Amino acid sequence: MSVDLVVRNGNVVAGDEIIRGGGLAIESEKIVAVGATAGLPDARTVVDARGAWILPGVIDPHVHFRDPGLTDREDFNTGSSAAVLGGVTTVFDMPNTVPPTADGKAVQEKRRIVTPKARVDFGLFGLVGQDNVDAIEEMAAAGVIGFKFFLHQAIEGVAPCDDGALLEAFERIARTGLRAAVHAENAHIIGRKSRALRQAGRHDATANLDARPTVSESEMVERCVAFARSAGTKLHICHATSAETVAAVGAAKAKGLDVTAETGPQWLTFTQDDVAQRGTILMFSPPFRLDADRVALWEGLRSGAVDMVATDHAPRHEHEKICSSVWETKSGFIGVETSVPVMMTAVQQGRLEIVRYARAISENPARAYGLWPRKGGLRVGADADVMVVQTGQTRVLAADDLHSRLRVTPFLGAAVTAAVTHTVLRGALVVDNGRLVGTPSGQDVRVPDRGTRR
Ligand SMILES: [Zn+2]
Ligand SMILES: [Zn+2]
């Protein structure tokens, strides 16, 4: 028997198991064998992992690929190219594009625009704000992966939900069976504090943290948990940044509620000391907080209170990031291509067990968003989404090595000891020895094609 592709001679992370000197076999987009290299079948294409880690392809549940409408910053081709080069095989794209993905027609139109450009599989979030709660059912029918609430500010003219709209939206989302994902920050607290800080003449980067105290996040998390509990909604907390938020999510889980949370490499790396030193490039909402918060996020990943690692990949121009006033600075920076090198370096340093990390980047987002067991692990029968990660050689992250349209990120200059060498998307080798190969073949995970791809 000869199969399409074999990846061999690596250390396979399969659930709780690490198979040293192992690999996997792939046929017709699916994994057909996982085990010791000697037991694998012949294949038309063989990838020799040469002792590297063989991990599930990353499911990044939070990216902004800026397509359509903001393609001076990124488009689905550049974003997904960077993603596969970073070991990512599935992304869930946020709806704050132009136009916003805020009704059924916009979902269909966005899918039509981005599919031919996609080098990764993807899901599309639907945006819910004050005035489009009535569009929830049609967005569900159009195949969104979940719903996104920006509770801290208006998005492309869509005002954030007040409490009445939020509860009604959660009730209606509960009936769709999909998950509500929230950017949980309290707009009133942030607005009032920002105005006071400006009037006091504060323009430095750390003023962003003073405008966004921990309670502005944790209170909104707890409110969303209360509404989700009342409505029976599956809830996801985007970018948890504080010890209090980790505790709130842990408490919700302990009550048996279906509440999940993500954090990202940036909140696991930077604190307000870095913001004070490096300035507005580290402007992010929600912000980088105290070292105790950063430590709590790592502990949350280890304990399972924090389920997922997301990048919140949000490309920005340099003039949007390097500003004389923090109030003129835009939140966000890129992340899909640097996340695995940064996180696997931390794994090498012993901050997180590799089986925990593998779950946080694959199984947990797959389960939360209804893709398990089709995606989310190196298991027989699953989509063959795989990354090979070499560790041990130190290198410095440089802009020339990245593939996003805009390459402003505070991770430039960081020393890492991990690199993605190969990525496989549903059985197709899409990154070979660190180089992009093939043409875009990504699909919307909610609209699987019927075997017409090849
Ligand atoms: Zn956000
Ligand atoms: Zn975001």
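Histidine 183 and histidine 239 are both buried, where buried means under 20% relative accessible area, exposed means over 50% and partly exposed lies in between (1.4 Å probe, protein chains only). The model is a predicted one, in which local features need pLDDT of at least 70, side-chain atom pairs count only at pLDDT 80 or more, and totals for chains, interfaces and linings use all residues. Residues are numbered from 1 along each chain as its sequence is written, chains are lettered from A and ligands numbered from 1 in the order in which they are written, and side-chain values use heavy atoms, with hydrogens and water left out.

**Zinc ions**

Helices (H or I, at least four residues) and strands (E, at least two) are DSSP runs, numbered from the N terminus.

The table sets out the protein donors of both ions. Donors are N, O and S atoms within 2.8 Å of the metal (3.2 Å for Na, K and Ca); water is not among the atoms, so sites may look incomplete.

| Zinc ion | Protein donors | Distance from the ion |
|---|---|---|
| Ligand 2 | His62 (NE2), His64 (NE2), Asp312 (OD) | 2.0 to 2.1 Å |

The zinc ion (ligand 1) lies 3.6 Å from the zinc ion (ligand 2).

**Domains and their interface**

The protein chain is assigned domain 1 (2-54 + 380-436) and domain 2 (57-368), with bounds that come from an automatic or database domain assignment. Taken over C-alpha atoms, the centres of domain 1 and domain 2 are 26 Å apart. Their contact (heavy atoms within 4.5 Å) involves 37 residues of domain 1 and 48 residues of domain 2.

The size of an interface is often given as the accessible area lost when the parts come together. Between domain 1 and domain 2 about 3500 Å² is buried, 68% of it on carbon and sulfur atoms; this buried area is the accessible area (1.4 Å probe) that two parts lose on being put together, summed over both. The rule finds 3 salt bridges across the interface of the two domains, a salt bridge being a side-chain nitrogen of Lys or Arg within 4 Å of a carboxyl oxygen of Asp or Glu. The side chains of aspartate 75 and arginine 405 form a salt bridge, with an N to O distance of 3.1 Å.

**Nonpolar cores**

A nonpolar core is a set of buried Ala, Val, Leu, Ile, Met, Phe, Trp, Tyr and Cys residues joined through side-chain atoms within 4.5 Å. The largest such core has 62 residues, of which Leu55, Leu301, Met344 and Val389 touch the most other members. This core lies between domain 1 and domain 2, because both give residues to it. Not counting residues up to four places away in sequence, valine 389 touches Ala52, Trp53, Leu55, Val340, Met344, Ala418, Ala419 and Val420. Apart from this core lies another, of 36 residues, including Met139, Leu151, Leu166 and Val182.

Helix H13 (residues 339-348) is mostly covered, with 9 of its 10 residues buried. Among these buried residues are Val340 and Met344. Glycine 350, which follows H13, has a positive phi near 90°.

**Backbone features**

Two cis peptide bonds may be described here. Valine 98 and proline 99 are joined by a cis peptide bond with omega of about 0°, and proline 99 is placed in the loop between strand E7 (88-93) and helix H2 (104-114). The bond from tryptophan 372 to proline 373 is also cis, with omega near 5°; proline 373 is in the loop between helix H14 (354-368) and strand E14 (386-396).

Positive phi values also occur in residues other than glycine. Asparagine 9 has a phi of about 60°; this residue is in strand E1 (residues 2-14) and is partly exposed, with a relative accessible area of 31%. Glutamate 29 has a phi near 75° and is found in the loop between strand E2 (17-27) and strand E3 (30-36), where glutamate 29 counts as buried at 17% relative accessibility.
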